[in-house]
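Biologist: I would like to learn how to read a model of two chains. Please take me through it feature by feature.

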Amino acid sequence: MRSVQEIIKERPWVGWIIFLATTVVVFLLGMLASSIIERRAEAVFAYTPEIKYPETEPRLDVWKDLFPREYDTYLKTADTGFRSRYNGSAQIDMLEESPRMVVLWAGYSFSKDYRQGRGHLHAVEDIRNTLRTGGVPSPQPNTCWTCKSPDVPRVMKETGAAGFYSGTWDTKGKEIINPIGCTDCHDAKTMNLRISRPALVEAFESRGIDISKATHQEMRSLVCAQCHVEYYFNKQKIEGVQYLTFPWQKGMSTEDMESYYDEMEFSDWTHALSRAPMLKAQHPDYEVFLTGVHASRGISCADCHMPFISEGGQKFTDHHLQSPLNNVANSCQVCHREETDRLIQDVYLRQDKIIENRDELEKLLVRCHVEAKTAWDLGATENQMKDILQCIRKAQWRWDFSAAGHGNSFHSPVETGRIITRGITYALEARVLLARVLASLGNNREVPYPDISTKAKAQAFIGLDMKKLNEEKNAFLKNVVPRWLREGQEREEGYLK
Amino acid sequence: MHILQKLIPPDRWKLPVIIAGAVFSGLSLYAFWISNAPSYLGDKPETCVNCHIMAPQYATWSHSSHREVTHCNDCHVPHNNVVSKYYFKAKDGLRHATIFTLRTEPQVIFIKDAGKEVVHKNCIRCHRDLITDSRLMGYNNITQENRESRECWDCHMETPHGSVNSLSSVPWARVPLPLSPVPDWLDKLVE
């Protein structure tokens, strides 16, 4: 057989054929490569909406054309028609439900007004309406706005976090117009989930964790954990600023956070009756959820509170954030094959058992505060009261920790039960010590339990002037809020159409 | 070896042939790299959305109760032995790749008979107790036929992907689609 070289020498066209054949093969290979590239590029665009609005766009309705289903379902968070045994979307006056809370929070703004927040769409309206924020000037800092609106990251971009937090609550009222919306949780370029609030990022940093490494499934809880967590206002970090901080440096359990607070000798307020240095637990929903069985099985907040739903051949995330008890089919029953009623009973059973003991702790705490006041009135010394006040602080911290996170008793019944049990032992310890002090001061009889059968009676008992507070609030709603809305509207007229 | 020797070019052709050969192998490597080819040997569910038309399947699975216990391959390739696993994977995968590259995918993707057989066996692989527990069974003259003539999803239609699966059924679903293959430093350089 002759070599290729010889063949080509004799018949040059064979050389040309080899040349052309190679060209065709390389050409086709190139076409294959560019086809792969094109289809890959499609992937980038197919699931990424074309968005012209900036990440600071706070208005909800500009997004509705692009995301009609998400928008429509999100509007349903305005609904207040669902009431479960303990929670739901209806606005419950918690102080009316349990006037004991008024005594527990004597000297603190929660004793004035504690109505359960309604759905996300009411966030700005509800914070304006509550007596806790008062009128002008407000007793609260601007930090209170942090969770309420996509206007917050917009303003923070100009002022920085500390600049945003500084000043009293009424000074940024005209900036915060829109209730919680898209950009609070979504990146405006890609619509991926994003963390828009610095406090959560800083809390992760304090524990040495880089939050930007979180998986998508973790993000489906972390966007909620921007707000549904225990927090406090740190006044030591920057002069004159009440800096929003999550007390997670030592860990996320009740005891870890307590020792964090103890170490910095922090208290939210001094109790008006017992003079105990109190801690107010906010809503440690995320922290307690993490200790429950659903979290350990890999479930995220969104799996139950924002399940996938199907509508006309389209499947999407239900943005009607709500109690899964109002949507058992799409939440619980994805995994649990029991009847709806049965599943709801399972939830109520856990809540009933937890609340039974929480109520007992609540009554003990009322007695603690009243008895401590009696001891002070009879001339007790600081030294005599020191340990007692620490016990009251610890007991009420545990009560609040389990009560303030409305979902705790279901999210993690075992942990919540444990916390309440510890709270009861601290409260009883305080009362044993109090009995001795009272006896040494000549009082060896029961200190009577006050008549606090209604919210009004309880507020009168701790000496709140509700008439004045209500008048102040009404004047504020009538005179100041319309001005804020007008100024906000003028600002938004300049935004991208 | 005889044939190979014939292919060796004369000395003065060597350089152009080396260059032409390198162009060919470079292009092949490039195609290998941008198609994420090595990922197909593994079991990660992200691999299946290398082709973005699988986004509905990924999104529905990741919102189902099977998310925590199974990956795509647990159901969609055989697990009786490693040879049949990779044979089936190669056969199915090459067909998918071809159809995707030629853009001949249908608007609604249905599973083929060979795939059904595999999934059905995998249902049984994990849920054997459910269908062999004598306490859960009643016997009558059609028991045998009922057991052998039907597939699990004749009844369990929504498990796990749901019954509607068109390419456009999950608008804006967040699934881990492949990102741009261009490295960051090059992106910056070009900018």
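Modeller: Start with handedness. A crossing is left-handed if the near helix is turned anticlockwise from the far one by less than a right angle, and right-handed if clockwise. Helices (H or I, at least four residues) and strands (E, at least two) are DSSP runs, numbered from the N terminus. Here, helix 2 of chain A passes helix 2 of chain B in a left-handed crossing.

Modeller: Some ground rules. This is a predicted model, where local features need pLDDT of at least 70, side-chain atom pairs count only at pLDDT 80 or more, and totals for chains, interfaces and linings use all residues. Residues are numbered from 1 along each chain as its sequence is written, while chains are lettered from A and ligands numbered from 1 in the order in which they are written.

Biologist: Which residues of helix 2 of chain A and helix 2 of chain B meet?

Modeller: Contact means C-beta atoms, placed from the backbone, within 7 Å. From helix 2 of chain A, the residues include A:V26, A:L29 and A:I36. Among those they meet in helix 2 of chain B are B:V23, B:F24 and B:L27.

Biologist: How many residues does each chain give to the contact?

Modeller: Chain B gives 34 residues and chain A gives 34. On the side of chain B that touches chain A, helix 2 of chain B gives the most, with 8 residues.

Biologist: Where in chain B is confidence lowest, and where highest?

Modeller: pLDDT is the predictor's confidence in each residue, from 0 to 100. Where pLDDT is low, the predicted coordinates should not be read in detail. Chain B has a mean of 88, and 99% of its residues reach 70 or more. Confidence is lowest in helix 1 of chain B (residues 2–7), at a mean of 74, and highest in helix 4 of chain B (residues 72–76), at 96. The model scores ipTM 0.83 and pTM 0.89.

Biologist: Is A:A225 buried or exposed?

Modeller: A residue is buried if 20 or more other C-beta atoms lie within 10 Å of its own, exposed if 12 or fewer, and partly exposed in between. A:A225 is buried, with 24. A:A225 is found in helix 10 of chain A (residues 216–225). Not counting residues up to four places away in sequence, A:A225 touches A:L200 and A:Y286.

Notes: Two residues are in contact if their C-beta atoms, placed from the backbone, lie within 7 Å.
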